[in-house]
Amino acid sequence: MPHLRITEAAALLGVSDDTVRRWIDSDGIATVKDPSGRVLIDGVDVARHARERAHATHDASGVARSARNQFVGIVTHVIADAVMAQVELQCGPHRVVSLMSAEAVRELGLEPGVVATAVVKATTVIVEKPRSIA
């Protein structure tokens, strides 16, 4: 079972090291020590906390979608020529970039400062992880 240092867990959860320590104390999260005496947390517990504390930004559009990956954010940058456009949104800590027609940008009124929802429906999602050092 994977274990993470407090600092690693905090970075993944988007909180401070002190917050993770408080969760260890208040939620009774089990810890172990590595050979160097550093406190480690079970990766399963970190994943559980991440899932429990995940808060999607509310999409006020009222549109029901089959796509599960929806990111509400604010348009931060638009580059458009006569035919195509690149639209950047900041959705919480995530930057989402979309390429679309310049016509779609005009019809949607996309410009910096506009709140919009990026909807991702992909058949290919690549997941990576670092190789273990032997």
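I count a residue as exposed when its relative accessible area is over 50%, and as buried when that value is under 20%. I am working from a predicted model.

**Entry 1: helix α3**

I started with α3, residues 43–53. Which of its residues are buried? I found Gly-43, Asp-45, Val-46 and His-49. I then looked at where they sit around the axis. Their arc spans only 160°, so they lie on the same side of α3. Next I checked the face turned away from that buried side. There I noted Val-44 and Arg-51, which are exposed.

What covers the buried residues of α3? My list includes strand β1 (3–5) and helix α1 (6–13). It also includes α2 (17–27) and β3 (39–42).

I looked at the start of α3 as well. A side-chain oxygen of Asp-42 comes to within 2.9 Å of the backbone nitrogen of Val-44.

**Entry 2: helix α1**

I repeated the check on α1. Its buried residues are Ile-6, Ala-9, Ala-10 and Leu-13. They cover an arc of only 100° around the axis, and therefore share the same side of α1. The spacing follows a general rule. An α-helix has 3.6 residues a turn, so residues three or four places apart point the same way.

I turned to the other side of α1 and found Ala-11 and Leu-12 exposed. What do the buried residues of α1 pack against? I noted β1, α2, β3 and α3. After α1 comes Gly-14, and its phi is positive, near 70°.

**Entry 3: a nonpolar surface patch**

I looked for nonpolar side chains on the surface. Val-83, Met-84, Val-97 and Leu-99 form a patch there. Together they have about 390 Å² of accessible area. I followed up on Met-84, which lies in strand β5, residues 84–91. Is Met-84 exposed or partly exposed? I put Met-84 down as partly exposed, because its relative accessibility is 42%.

**Entry 4: Leu-110**

I finished with Leu-110. This residue lies in the loop between α4 (102–108) and β7 (115–120). Is Leu-110 buried or exposed? I recorded Leu-110 as buried, because its relative accessible area is 11%.

I then asked which residues touch Leu-110, leaving aside neighbours within four places in sequence. The contacts are Val-75, Val-78, Val-87, Met-100, Val-105 and Ala-116. I checked the spacing to Val-87. Leu-110 and Val-87 are 23 residues apart in sequence. In space, C-alpha to C-alpha, Leu-110 and Val-87 are 7.9 Å apart.

Terms used:
Residues numbered from 1 in each chain as written. Predicted model: local features only at pLDDT ≥ 70, side-chain atom pairs only at ≥ 80, totals over all residues. Heavy atoms only, no water. Buried < 20%, exposed > 50% of the residue type's maximum accessible area, 1.4 Å probe, protein only. Helix = DSSP H or I, 4+ residues; strand = E, 2+ residues; numbered from the N terminus. Arc of directions from axis to C-beta. Contact = heavy atoms within 4.5 Å. Polar contact = N/O pair within 3.5 Å; in protein donor to acceptor, adjacent residues only side chain to side chain. Patch = residues over 30% accessible without salt bridge, like charges linked within 9 Å, V, L, I, M, F, W, Y side chains within 5 Å. Areas by Shrake-Rupley, 256 points an atom, 1.4 Å probe, with all protein chains shown as cover. Salt bridge = Lys/Arg side-chain N within 4 Å of Asp/Glu carboxyl O.
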